[in-house]
Amino acid sequence: MKRMGQGVAALLCAAMAGMAAGCSSGKLAIPDKFCRVPVEKSSLSSVIPDGDRLKQTYEDLESRPGASCNMSVDGHSVLAVNLLRWDRAPDPVDWDKVGSPYKHAARREVSFPGYASIGSSHAIVQATCNTRTAYMSFVVDFFGDRVENTSTGYKKLQRFIDDFVPQETKKFDCTK
């Protein structure tokens with residue numbers, strides 16, 4: 001009888017462990033859109049942590065063409081972008097210094113016409129429009145355990161920016 005009780009206890013422990021594993025955070029489906037534009041899943045997969053629920057919000061700005069977008073996992077923000085279209089020439093910016101308050105931020109070459117200071121968790125981007133008197137500005141914040149505060153940690157954020165910014169500039173008729 002003692003043996004049978006130990007066997008039942010072992011089965012119950014195994015069943016409980018299996019149920020707990022089924023309830024734990026897992027891999028989320030990576031979306032193919034962010035901020036209402038298509039993005040490559042590979043550019044988002046490195047910034048989205050494991051979890052149970054992914055939520056995206058999008059808010060049009062009232063003051064000028066632009067948007068505020070946020071992605072959260074299990075109620076915690078992981079990616080936030082504020083973007084604006086400006087119908088004037090940009091002010092001069094020292095791109096070597098603009099990101100200095102942020103960890104590992106520096107001027108980075110980007111895949112689109114424009115400038116960027118990208119760090120491991122924050123980026124400031126200026127995308128050039130087709131006309132000399134218009135541009136788009138982007139402020140990107142990356143939060144959570146996927147942030148790598150190292151000299152190469154910016155690469156995750158840059159991969160996303162190189163994919164995302166050209167899509168947004170097309171959406172706002174900044175580029176073709």
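## Glu148 and Lys156

Glu148 is partly exposed, at 35% relative accessibility. Buried means under 20% relative accessible area, exposed over 50%, and partly exposed in between (1.4 Å probe, protein chains only). Glu148 meets Lys156 in a salt bridge, 3.0 Å from N to O. Lys156 is buried, at 14%.

## Basis

This is a predicted model: local features need pLDDT of at least 70, side-chain atom pairs count only at pLDDT 80 or more, and totals for chains, interfaces and linings use all residues. Residues are numbered from 1 along each chain as its sequence is written, and side-chain values use heavy atoms, leaving out hydrogens and water.

## Other salt bridges

The structure holds five salt bridges (a side-chain nitrogen of Lys or Arg within 4 Å of a carboxyl oxygen of Asp or Glu). One of them joins Arg85 and Asp87 at 2.9 Å, N to O. Arg85 is buried, at 14% relative accessibility. Asp87 is exposed, at 54%.

Arg88 pairs with Asp91, with the closest N and O atoms 3.5 Å apart. Arg88 is partly exposed, at 31%.

## Nonpolar core

The largest nonpolar core has 38 residues (buried Ala, Val, Leu, Ile, Met, Phe, Trp, Tyr and Cys joined through side-chain atoms within 4.5 Å). Phe34, Leu79, Phe138, Ile161 and Phe164 touch the most other members. Elements giving two or more residues include strand E5 (76-86), strand E9 (135-142) and helix H3 (154-171). H3 gives the most, with six residues. Helices (H or I, at least four residues) and strands (E, at least two) are DSSP runs, numbered from the N terminus.

Phe138 has contacts (heavy atoms within 4.5 Å) that include Val81, Leu83, Ile124, Phe164 and Glu168, not counting residues up to four places away in sequence.
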